[in-house]
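Colleague: I'd like to go through this chain with you and hear what each label rests on. Can you put it up?

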Amino acid sequence: MMFRSSLPLVAALSVALAMVGVSRAAAQLFETKAAQAYMIDAETGTVLFSKDADAPIQPASLAKLMTLEVTFNAVKSGRLKLDDTFVVSEHAWRTGGAPSGTSTMFAALKSTIRLEDLIQGVAVQAANDGCIVIAEGMAGSEQNFALQMTERAHQIGLTASTFVNATGLPADGQQTTVRDLTNLALHLWRDYPDLYHYFGQKDFLWNKIRQQNRNPLLSTDSGGDGLAVGASEQNGFGIVGSIAKDGKRVIAAMSGLANDRERAEEARKLMEWGLRSFEKTEIFAKDEVVGEAEVFGGEKSGVALKAKGPVDIFLPITNRDKMTARIVYNGPLPAPVEEGQQVGALKVWIGDTLSQETPLYAAETIGVGSLPRRALDAAEELAVGWLR
């Protein structure tokens with residue numbers, strides 16, 4: 001694995017590459033009571049905060065976000081319409097309805113419900129009966145739908161998530177991470193602009209019963225417009241939230257909080273800190289050369305690298321000395337190298353958190369060099385290659 005510093009980036013950010021190994025105590029810019037937390041800027045994908053983000057957790061009701069993703073995907077593709085209707089089975093009624101004593105929209109046994117009403121029941125009321133009705137209507141059984149949830153999760157990059165049911169009720173083998181949950185929320189916001197608004201709906205009247213959305217971010221003036229809360233015996237209280245204010249949007253997931261009051265307070269503090277403590281900065285313009293990668297056996301010893309477009313990142317307004325950056329690639333690259341070929345990535349850290357990773361591409365074509373040139377490169381690689 002080869003590393004190359006980019007002098008323009010280092011100069012612009014006053015970054016010392018030797019600081020990559022800073023300690024966690026020195027690097028942490030914010031502290032939270034959550035056992036796991038992960039927050040990103042929605043526009044650029046910059047990671048603003050990360051704490052044990054890849055630890056497996058039980059999703060509890062946060063699994064319903066994946067249930068709705070599968071549903072939204074079916075609506076967007078035209079396989080389902082919001083006016084389609086589904087029947088409430090006895091399993092859905094007993095497991096997630098009024099007899100269950102869990103979060104429910106009180107759907108009546110054997111009644112027929114429009115898909116849009118089921119979506120609102122799940123998004124607003126975390127309705128377990130609504131989830132099961134959707135699952136059975138789309139896949140024949142909740143178990144089969146859960147397999148589809150896992151497959152779809154992996155398709156959109158949530159590789160650490162496995163779902164066993166549509167509700168998030170306790171089940172062996174069901175797990176996710178706060179990183180996956182945050183990326184799922186980002187995906188829901190980006191890919192379903194016509195459906196995302198259901199997460200910000202503050203209440204829903206169904207079967208003559210009006211229930212309030214339990215997301216504490218919706219009851220403040222913080223700019224919160226989603227997404228879900230959950231709680232499990234194993235991992236405590238959790239939340240996936242999104243706040244948009246003054247042209248910025250941050251999305252975060254948290255788990256391992258002691259109670260709903262602590263969850264509300266810690267989520268508000270983390271996300272408001274994210275909104276006020278970072279500013280968008282263009283670190284490379286479109287077509288600007290970011291750095292160079294070594295080439296083995298080529299006409300030239302190096303190839304210029306650039307991103308597909310401008311490279312934007314949200315940087316801390318203070319503590320910029322915590323920034324580090326490296327170009328990372330497997331090399332030296334064997335010639336020939338074609339223009340546009342993906343070569344590596346520009347990685348930027350905030351403290352010890354990998355904040356952003358941008359693919360880098362060859363900015364030029366490097367052909368195969370002459371025989372003497374290749375021989376010289378081979379001798380040099382034999383002499384020093386083992387040191388990498």
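This is a predicted model: local features need pLDDT of at least 70, side-chain atom pairs count only at pLDDT 80 or more; totals for chains, interfaces and linings use all residues.

Modeller: Here a contact means heavy atoms within 4.5 Å. Of the contacts in the chain with a separation of 6 or more, 65% are between residues 24 or more positions apart. Residues are numbered from 1 along each chain as its sequence is written, and side-chain values use heavy atoms, with hydrogens and water left out.

Colleague: Why is Met254 called buried?

Modeller: Buried means under 20% relative accessible area, exposed over 50%, partly exposed in between, using a 1.4 Å probe and protein chains only. Met254 has 1% relative accessibility, so it counts as buried. Across the chain, buried residues make up 52% of the 388 residues.

Colleague: What does Met254 touch?

Modeller: Leaving out residues up to four places away in sequence, its contacts include Thr32, Ala34, Val178, Phe237, Ile239, Glu266 and Leu270. Met254 itself lies in strand E10, residues 248-257.

Colleague: What makes E10 a strand in your numbering, and which sheet holds it?

Modeller: Strands (E, at least two residues) and helices (H or I, at least four) are DSSP runs, numbered from the N terminus. The chain has 10 helices and 18 strands. E10 sits in an open sheet of five strands, ordered E3-E2-E10-E9-E8, with antiparallel pairing.

Colleague: Why are E3 and E8 at the edges?

Modeller: Strand E3 (47-51) and strand E8 (224-232) each have a single partner strand, so one side of each has no neighbour in the sheet. From one strand to the next, the twist averages 5°; the axes are lines fitted to C-alpha atoms, for helices over the stretch in contact, and angles run from 0 to 180 degrees between N-to-C directions.

Colleague: How do you know that E2 and E3 pair?

Modeller: Two strands pair if DSSP finds at least two bridges between them. E2 (residues 36-41) and E3 are joined by four bridges and run antiparallel, so they meet the rule for a pair. In one of these, Met39 is bridged to Phe49 in E3.
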